[in-house]
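User: Can you walk me through this model? I'd like to start with the ligand and then look at the pockets.

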Amino acid sequence: MSTPKQRALFISFEGSEGSGKTTQIALLQDRFEKAGRNVLVTREPGGTQIGEEIRHLLKHCQTQSKMTPEAELLLFAASRAQLVREKIAPALLEGRVVLCDRYLDSTTVYQGVARKISKDPVSMINHFAVGEFMPDLTIILDIPAELGFKRIESRTSDLPDRMEQESIEFYMAVREGYLLLAKSLPDRFLVVDGTRAKEKIAQEIWNEVARRKL
Ligand code: Z5A
């Protein structure tokens, strides 16, 4: 008799730039792997060859004409549609744990709230891109916009990319957008104070995974 497959589990991480998503995903991956789970770590935009090309365009597009919010929305959605079908859906169907650095909630907040595209097209395009593949849990690492800026500055000497050139007001709107979204969907979201020590945050996330019996 074959052993039953472990329950597939899909966790997305959200938050502003420098909020610690990459750091916490690596720590959670380690915990799951020590517990014997097979894990796929991926990111948005990107995660596939096509997605990484779209990521480059989104981050480093140097044309003289400014990318419109609508074109930006569709490019993020295109990268996501590819990632879901090429990587996320197959991994979940094999019973793997999927940890994704950003997912559809980034579009709801960055393009919907901060770029002010109206709710209906954003929601429709988001759901067209992901189909039935919604996260079981979404962790928001919440930090003040100023702290995100500081962390990014101290991390790299590279010039800021296209998205990193936004104003502090843009990132304040992003933070507020996430907190409102989490309030409206408390069953899916966990808001974590991302200003604390990395290990403390990792422990809170692992406790939540255990509490939800994920
Ligand atoms: N975007 C969008 O508009 N719409 C969409 O639908 C999607 C995305 C999917 C992607 O950028 C951009 O695309 C992003 C949103 C937009 N734009 N902005 N702006 P990205 O993928 O290049 O980067 P990111 O996802 O925004 O974040 P990041 O730069 O990768 O940061 P992070 O992963 O959240 O943080 P980190 O790399 O783990 O940590 C940053 C630094 O802080 C690092 O030096 C760490 O060692 C340090 N750190 C982490 N945690 C701590 C704690 N707890 N204490 C102290 N220091 C810490």
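Predicted model: local features only at pLDDT ≥ 70, side-chain atom pairs only at ≥ 80, totals over all residues.

User: Which residues are closest to the ligand?

Analyst: Thr22, Thr23, Lys59, Thr107 and Tyr171 are the closest of the 27 residues that surround the ligand.

User: How much of the ligand's accessible area does the protein cover?

Analyst: On its own the ligand has 1,100 Å² of accessible area, and the protein covers 87% of that. The areas come from the Shrake-Rupley method with a 1.4 Å probe.

User: Which elements give two or more residues to the shell?

Analyst: They are α1 (21-34), α2 (49-60), α3 (69-93), α4 (104-114), α6 (145-155) and α8 (198-211). The most come from α4, with four residues. Helices (H or I, at least four residues) and strands (E, at least two) are DSSP runs numbered from the N terminus.

User: How does the shell divide by class?

Analyst: The shell has six nonpolar, 10 polar and 11 charged residues. Asp, Glu, Lys and Arg count as charged, Ala, Val, Leu, Ile, Met, Phe, Trp, Tyr, Cys and Pro as nonpolar, and the others, Gly among them, as polar.

User: Where does the ligand sit?

Analyst: In the largest pocket; sitting there means that more than half of its atoms lie within 2 Å of the pocket's grid points. A pocket is an open set of points on a 1 Å grid over the protein atoms alone, where a 1.4 Å probe fits, with protein on both sides within 12 Å along at least five of seven lines, and lining residues have an atom within 4 Å of a point.

User: What lines the largest pocket?

Analyst: There are 42 lining residues, with Glu17, Gly18, Lys21, Thr22 and Arg155 nearest its centre. The largest share is seven residues from α1. The space inside is about 970 Å³, a volume filled by probe spheres set on the points.

User: And the second largest pocket, what is its volume?

Analyst: About 360 Å³. Of its 18 lining residues, Thr108, Lys119, Val122, Ser123 and Leu181 are the closest to its centre. Here α4 supplies the largest share, six residues.

User: Changing topic: which peptide bond is cis?

Analyst: The one from Glu44 to Pro45, with omega near -15 degrees. Pro45 lies in the loop between β2 and α2.

User: And what is phi of Arg102?

Analyst: Near 80 degrees, a positive value in a residue other than glycine. Arg102 is in the loop between β3 (97-101) and α4. Most residues other than glycine have a negative phi, and most peptide bonds are trans.

Terms used: Residues numbered from 1 in each chain as written. Heavy atoms only, no water. Near = heavy atom within 4 Å.
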